[in-house]
Amino acid sequence: MRVLFIFLDGIGLGENDPAINPLARAKMPNLNALLDGRSLIKDSAPFYGDHATLLAIDPAVGVSGLPQSATGQGILVTGINIPAELGYHYGPKPNPDVAAFLEDGTLFSRFAKAGRKTALLNAYPPRYFDGIDSGKRLYSSIPLAVTNAGLALFRHDDLFAGRALSADFTGEGWRTILGFSESPAMNPHQAGRKLAALAKEYDFSLFEYWASDYAGHKQQMETAIELMETFDGVLGGLMEEMEGDELLILITSDHGNMEDLSTRKHTSANVPALVIGEKSARAEFTRGMTDLTHVAPAIWRAVEKS
Ligand SMILES: [Zn+2]
């Protein structure tokens with residue numbers, strides 16, 4: 001079974017409160033259709049439908065304090081309870097102690113060693129690599145795991161050639177902020193179809209949507225709603241390409257944040273594990289899944305079974 005992991009940064013399952021939760025306000029018809037009319041909020045989980053399963057899973061993994069990105073993403077790609085090993089949650093970027101867990105034994109390194117095709121589908125701009133090369137920027141946990149596995153991150157030429165996707169899905173940021181006026185433009189629906197097409201070329205692929213955490217820290221309701229509506233368009237495109245295919249899609253997060261804009265901090269909310277695909281594969285994938293440590297083993301099992 002091929003697995004596509006769509007990582008939504010900083011999205012918890014929050015209250016059905018439109019005053020603080022963009023997910024209670026955003027128009028997300030494709031998501032609603034998958035969840036028989038439900039939204040991505042706390043009351044919706046657990047849900048077991050014809051096309052999707054939604055669980056609420058714990059990102060705090062038994063360690064006190066608010067969950068953070070470096071450790072949360074580290075758990076997601078290793079299955080190791082890194083906060084329990086260290087005694088704390090840490091982020092946003094990995095310190096040396098967190099980074100040590102990402103040297104080997106990640107999903108990316110294990111799949112690469114097993115001869116499986118795996119990739120992080122985001123394209124990174126030249127200034128990202130300039131920042132890394134000059135030491136001014138640290139990799140976050142997911143790209144660190146990818147590069148440690150000996151895999152290359154996709155660059156602007158990969159984006160232009162259609163081998164990778166823009167982190168905002170549409171390419172808008174590449175044209176307006178990064179100055180690549182010729183960058184491929186897609187609407188969210190087209191980006192979803194593209195994402196499905198790319199995912200079918202890999203045994204395991206991951207796409208990282210990080211702007212949601214940023215909007216949560218900035219407490220930007222309108223931006224957050226736009227981000228989620230864009231994501232819903234992507235879901236629509238993805239679903240169009242799902243018919244009869246051996247693809248399982250997992251959508252989850254490292255910690256809550258955006259679902260409660262009354263605070264600029266992360267939250268203690270559970271995060272969604274939204275799984276889309278064939279029913280028995282979903283049942284097997286989500287069996288016993290209650291916290292972030294269960295995600296990587298489930299991905300490993302699903303891919304290795306094929
Ligand atoms: Zn954050």
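1. A word on terms before we start: two strands pair if DSSP finds at least two bridges between them, and strands (E, at least two residues) and helices (H or I, at least four residues) are DSSP runs, numbered from the N terminus. With that in hand, look at β2 and β3, which a hairpin joins through three residues. Strand β2 (residues 47–48) pairs with β3 in the antiparallel sense over two bridges, and Y48 has T53 in β3 as its bridge partner.

2. Please keep in mind that this is a predicted model, where local features need pLDDT of at least 70, side-chain atom pairs count only at pLDDT 80 or more, and totals for chains, interfaces and linings use all residues. Residues are numbered from 1 along each chain as its sequence is written, while side-chain values use heavy atoms, with hydrogens and water left out.

3. Stay with β3 for a moment. Five of the six residues of this strand (residues 52–57) are buried, meaning under 20% relative accessible area with a 1.4 Å probe, protein chains only. Strand β7 (residues 271–276) pairs with β3 over six bridges in the antiparallel sense; there, I57 has V271 as its bridge partner.

4. Now for the whole sheet. Seven strands make up an open sheet with mixed pairing, in the order β2-β3-β7-β6-β1-β5-β4. Its edge strands, β2 and β4 (118–120), each pair on one side only. Helix α14 (residues 295–304) packs on the sheet and touches β1, β3, β5 and β6, where contact means heavy atoms within 4.5 Å. The direction of α14 makes about 155° with that of β1; such angles run from 0 to 180 degrees between N-to-C directions, with axes fitted to C-alpha atoms, for helices over the stretch in contact.

5. The metal site is worth a visit. D213 (OD), H217 (NE2) and H266 (NE2) coordinate the zinc ion at 2.0 to 2.1 Å; donors are N, O and S atoms within 2.8 Å of the metal (3.2 Å for Na, K and Ca), and water is not among the atoms, so sites may look incomplete. Along the chain the spacing of the donors is D-x3-H-x48-H. D213 in helix α11 (residues 211–218) and H266 in the loop between β6 (247–252) and β7 link distant parts of the chain, 53 residues apart. Both D213 and H266 are buried.

6. Finally, a helix pair: α2 (residues 69–78) and α7 (residues 141–148) pack with their axes 8 Å apart, at an angle of about 45°. In this packing, A70, Q73, G74 and V77 of α2 meet S141, I142 and A145 of α7.

Conventions: Buried < 20%, exposed > 50% of the residue type's maximum accessible area, 1.4 Å probe, protein only.
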